[in-house]
Amino acid sequence: MIPGSPQYRVEQRADLLRFGSGSVTEGGFGYLDDAGTLDPREPMPLYVVCRMTHVFSLGFLADEAPAEGGPDRSELARLAEHGVRELTQGPLHDARSGGWFAAIQPDGSPDSAKAAYAHAFVVLAATSAVAAGVPGAQRLLDMALDVMESRFWDEATGTVVEQWDSGWTSLDDYRGVNANMHTVEAFLAAGDVTGDTTWHTRAGRIAQRIVGLARDNEWRIPEHLDSQWRPMLEYNRDQPADPFRPYGATVGHGMEWSRLLVAVHESLGKDAPEGLVEAAIALNDRAIADGWAVDGADGFVYTTDWNGTPVVRARMHWVAAEAICTAAVLHRVTGESRYAEDLQRWWDYVDAYLVDHDLGSWHHELDAANRPASETWSGKPDVYHAYQAALVEDLPTTPSFATALAAR
């Protein structure tokens with residue numbers, strides 16, 4: 001079967017749902033090891049619970065034949081409802097102060113930080129569950145949007161702040177592009193589900209700021225900024241492989257932003273900031289030039305310095321997944337054949353190295369020789385990036401995944 005073909009994508013989606021269904025646990029969905037078994041050594045991150053709730057809602061809406069041993073549509077409905085219930089009433093929700101803890105540790109104690117990154121995923125999970133008709137999803141979405149509005153949205157800068165303490169009394173001075181990127185994804189989905197274009201407009205404001213930062217830096221996005229949105233280009237130089245705040249330019253984010261800029265452009269239409277599609281093309285071109293097969297082997301390096309020299313040469317699965325999504329979207333919006341060629345190249349790479357044809361899902365990290373590794377990521381925590389990569393070609397760029405599936 002040709003990697004990336006329609007039937008290949010269907011089978012990938014089914015197997016990813018099968019693999020991911022092993023994550024269900026009390027409190028939400030847990031962190032999976034290489035074999036798809038819950039890893040008791042790992043915390044239960046809020047973002048993982050949200051991503052799996054989102055994916056199970058998408059699986060329910062897609063209504064496709066299950067893989068052998070995988071969840072059927074009724075089980076996917078139960079899994080999505082479990083996620084919504086635990087996010088609303090479970091240990092990750094802070095019933096006293098509001099919002100959600102970043103994680104539950106293996107001993108049951110909460111990681112008390114309140115992070116915009118993870119809260120964006122609460123919004124995403126809730127929007128997909130609303131589109132899927134999951135009981136309680138509207139309440140969860142109302143709660144999540146209220147927290148994003150009251151605690152994270154910064155009207156003065158048109159972005160979200162990064163992180164609070166558990167009682168919302170102390171705000172970190174750090175500002176992060178990663179949290180704002182996933183907020184764009186979440187806000188676009190919220191606008192689609194609610195019909196309130198405020199969320200689309202805010203996504204556009206964030207996008208406009210990031211485009212300016214990237215344009216001023218040769219299309220390598222400064223990921224880390226201070227409270228005044230001044231780039232901190234040397235941030236985490238001593239921790240270059242950090243999973244969420246690595247030093248330098250993150251190749252995968254160039255492509256992920258590229259896809260989201262096109263989605264913002266199409267969502268806002270005539271009201272979109274100028275130049276988003278052109279910026280999307282520039283970001284994708286820079287990411288491929290800096291990141292693809294630059295050190296003697298196929299695959300995207302994780303990070304580069306500000307001259308484009310590789311820093312962390314590991315290959316992360318999510319980068320290849322976002323490359324697929326972006327190539328599909330840019331081919332659709334430009335009609336240029338080079339993106340179709342890239343799309344096949346990325347799928348061939350994914351099938352050859354990232355898809356675990358024995359145990360299921362995708363290896364989350366490979367070394368520079370494309371061998372499974374775990375320097376930054378252990379196990380296969382969730383299936384969010386891979387599932388969306390296997391879905392993107394079967395849906396329009398806008399509206400967002402769940403709304404498009406519900407309409408279909």
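Trainee: By about how much of a helix are tyrosine 349 and tyrosine 353 separated in helix α11?

Mentor: An α-helix has 3.6 residues a turn, so residues three or four places apart point the same way. In this predicted model, tyrosine 349 and tyrosine 353 are 4 residues apart in helix α11 (residues 337-354), which means a separation of about one helical turn. Their ring centres are 5.2 Å apart and the planes stand at 45°, so the pair is tilted.

Trainee: Is each of these two tyrosines buried, exposed or partly exposed?

Mentor: Tyrosine 349 has a relative accessibility of 4% and therefore counts as buried. Tyrosine 353, with a relative accessible area of 36%, is partly exposed.

Trainee: How many aromatic pairs does a search of the whole structure find?

Mentor: The search finds 19 aromatic pairs. One of the pairs joins tyrosine 47 and tyrosine 117, with ring centres 5.9 Å apart and planes at 70°; planes over 60 degrees apart count as edge-to-face, so this pair is edge-to-face. Tyrosine 47 lies in helix α2 (residues 46-62) and tyrosine 117 in helix α4, so the contact ties together parts that are 70 residues apart in sequence. Tyrosine 47 and tyrosine 117 are both buried.

Trainee: Which residues form one aromatic cluster with Tyr47 and Tyr117?

Mentor: The cluster consists of Tyr47, Tyr117, Phe121, Phe244, Trp377 and Tyr384.

Trainee: Where do arginine side chains lie over aromatic rings?

Mentor: Arginine 73 lies over the face of phenylalanine 60, at 3.8 Å from the ring centre.

Trainee: Turning to strands, in what order do β3, β4 and β5 form their sheet?

Mentor: The order is β3-β4-β5, in an open sheet of 3 strands with antiparallel pairing. Strands β3 (44-45) and β5 are at the edges and have a single partner strand each, so one side of each has no neighbour in the sheet. Between strand β4 (residues 103-104) and β5, the antiparallel pairing runs over 2 bridges. Isoleucine 104 stands opposite proline 110 in β5.

Trainee: Where in the chain is confidence lowest, and where is it highest?

Mentor: Strand β5 (residues 110-111) has the lowest confidence, at a mean of 94, and helix α4 (residues 116-131) the highest, at 99. The average pLDDT of the chain is 98, and 100% of the residues score at least 70.

Trainee: Which residues of α9 are buried, and what covers them?

Mentor: Among the buried residues of α9 are Leu276, Val277, Ala280, Leu283, Ala287 and Ile288. The elements that cover the buried residues of α9 include α7 (198-215), α8 (251-268), β13 (303-304), α10 (317-334) and α11.

Trainee: In which loop is asparagine 307 found?

Mentor: Asparagine 307 is in the loop between β13 and β14 (310-312). Its relative accessibility is 67%, so asparagine 307 counts as exposed. The C-alpha atoms of asparagine 307 and arginine 220 are separated by 8.9 Å, although these residues are 87 residues apart along the chain.

How values were computed. Residues numbered from 1 in each chain as written. Predicted model: local features only at pLDDT ≥ 70, side-chain atom pairs only at ≥ 80, totals over all residues. Heavy atoms only, no water. pLDDT = per-residue confidence, 0-100. Phe/Tyr/Trp six-rings, centres within 6.5 Å; stacked < 30°, edge-to-face > 60°. Buried < 20%, exposed > 50% of the residue type's maximum accessible area, 1.4 Å probe, protein only. Lys NZ or Arg CZ within 6 Å of the ring centre and 35° of its normal. Pairing = 2+ DSSP bridges. Contact = heavy atoms within 4.5 Å.
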